[in-house]
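User: I am new to this one. Could you show it to me and then take a few questions?
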Amino acid sequence: MSKTGITFDYISEYLHSVRAERSGWIAEKEKVWRESGYPIAEPEVGDLIEIICALKKPKRILEIGTCVGFSALLMSQSSPEADIVTIERNPVMIKEAKINFDMYDTNKHIKLLEGDAADILPGIDSEFDLVFLDAAKGQYPVYFQEIKRMLDSGGIFISDNVLFNGFVAQGAPDRHRNKTIVMRLDEYLKMLEADPEFKTVLLPISDGVTLSIKK
Ligand SMILES: C[S@@+](CC[C@H](N)C(=O)[O-])C[C@H]1O[C@@H](n2cnc3c(N)ncnc32)[C@H](O)[C@@H]1O
């Protein structure tokens with residue numbers, strides 16, 4: 001099994017062997033952040049984000065879960081026209097993300113909101129045409145209700161780590177905390193798939209990614 005437990009090793013190894021590396025400063029920073037152990041999006045999730053940005057050409061992007069700013073900077077680079085709002089609660093990540101945005105968000109298109117997404121989201125009344133959800137997995141059902149409210153018709157919604165190391169499909173988590181996260185992710189995926197306002201595909205890449213369009 002692959003490290004996330006949702007694909008076979010030989011498939012993951014093959015995909016990684018043929019994947020074209022990113023280039024430029026973001027590729028160099030991505031390598032450093034990954035090697036430093038920051039939980040940034042997996043390379044193929046970054047590729048998906050880049051493709052969606054190129055197709056959608058979003059004007060307003062919301063990200064929940066900034067970490068050190070990798071995916072926000074990738075979206076900013078792929079969508080130079082877009083304004084990006086990104087939310088992070090961990091002070092260590094906030095400090096690092098601010099340094100990275102100061103250095104690499106040269107057009108100052110990224111706005112970092114500091115705090116818990118559960119507190120911040122209800123206070124946002126803007127509309128977005130792309131949302132990337134990559135934060136506390138147990139809160140995905142709650143965040144989805146807020147995202148639904150803020151996403152334009154025709155807007156794209158991506159959520160990451162939805163299979164949680166394959167546990168969601170196995171339904172057999174080991175510890176209590178995992179059990180709650182697995183139950184909530186299962187609830188979230190069923191809610192998203194069944195929502196008549198959305199068309200969704202669940203992609204078994206990385207740790208499981210959903211790609212949805214709001215009709
Ligand atoms: C997987 S990382 C995000 C990676 C980032 N999207 C990237 O690819 O560069 C998840 C981040 O979400 C943050 N986070 C988790 N729960 C949160 C919450 N309730 N509110 C705000 N941030 C949260 C964590 O501190 C962590 O930095």
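Analyst: The questions below go through the sheet, the helices and the ligand shell of this predicted model.

User: Let us begin with the sheet. In what order do the strands of the open sheet come?

Analyst: The order is S3-S2-S1-S4-S5-S7-S6, so listed for an open sheet of seven strands with mixed pairing.

User: Which are the edge strands?
Analyst: They are strand S3 (110-114) and strand S6 (198-203), each of which pairs on one side only. From one strand to the next, the twist averages 15°.

User: How many bridges join S1 to S4?
Analyst: Four bridges join strand S1 (residues 60-64) to strand S4 (residues 128-133), and the two run parallel.

User: And which residue in S4 is the bridge partner of isoleucine 61?
Analyst: Isoleucine 61 has leucine 130 as its bridge partner in S4.

User: Which helix lies across S2 and S3?
Analyst: That is helix H5 (residues 91-104), which lies across strand S2 (83-88) and S3 and runs at about 165° to S3.

User: Now the helices. At what angle do H3 and H4 pack?
Analyst: Helix H3 (residues 43-56) and helix H4 (residues 70-78) pack at about 30°, and their axes are 9 Å apart. Angles under 35 degrees count as roughly parallel, so H3 is roughly parallel to H4. The crossing of H3 past H4 is right-handed.

User: Which residues make that contact?
Analyst: H3 contributes Gly46, Ile49, Glu50, Cys53 and Ala54, while H4 contributes Ser71, Leu74, Met75 and Ser78. Of the residues in the contact of H3 with H4, five are nonpolar, three polar and one charged.

User: What about H2 and H4: roughly parallel or roughly antiparallel?
Analyst: The axes of helix H2 (residues 25-35) and H4 come within 11 Å and cross at roughly 170°. H2 is therefore roughly antiparallel to H4. Ile26, Glu30 and Trp33 of H2 make the contact with Phe70, Leu73, Leu74 and Gln77 of H4. The residues of this contact of H2 with H4 comprise five nonpolar, one polar and one charged.

User: Changing topic, how many residues surround the ligand?
Analyst: There are 19 residues around the ligand, and the closest are Ala41, Gly65, Phe70, Ser71 and Ala136.

User: Which elements give two or more residues to that shell around the ligand?
Analyst: They are H4, S2 and helix H6 (117-120).

User: How do the residues of the shell divide into nonpolar, polar and charged?
Analyst: The shell around the ligand has eleven nonpolar, four polar and four charged residues.

Key. Residues are numbered from 1 along each chain as its sequence is written. This is a predicted model: local features need pLDDT of at least 70, side-chain atom pairs count only at pLDDT 80 or more; totals for chains, interfaces and linings use all residues. Axes are lines fitted to C-alpha atoms, for helices over the stretch in contact, and angles run from 0 to 180 degrees between N-to-C directions. Angles under 35 degrees count as roughly parallel, over 145 as roughly antiparallel, 65 to 115 as roughly perpendicular and the rest as oblique. A crossing is left-handed if the near helix is turned anticlockwise from the far one by less than a right angle, and right-handed if clockwise. Two residues are in contact if their C-beta atoms, placed from the backbone, lie within 7 Å. Ala, Val, Leu, Ile, Met, Phe, Trp, Tyr, Cys and Pro count as nonpolar, Asp, Glu, Lys and Arg as charged, and the others, Gly among them, as polar. A residue is near a molecule or strand if its C-beta atom, placed from the backbone, lies within 6 Å of it.
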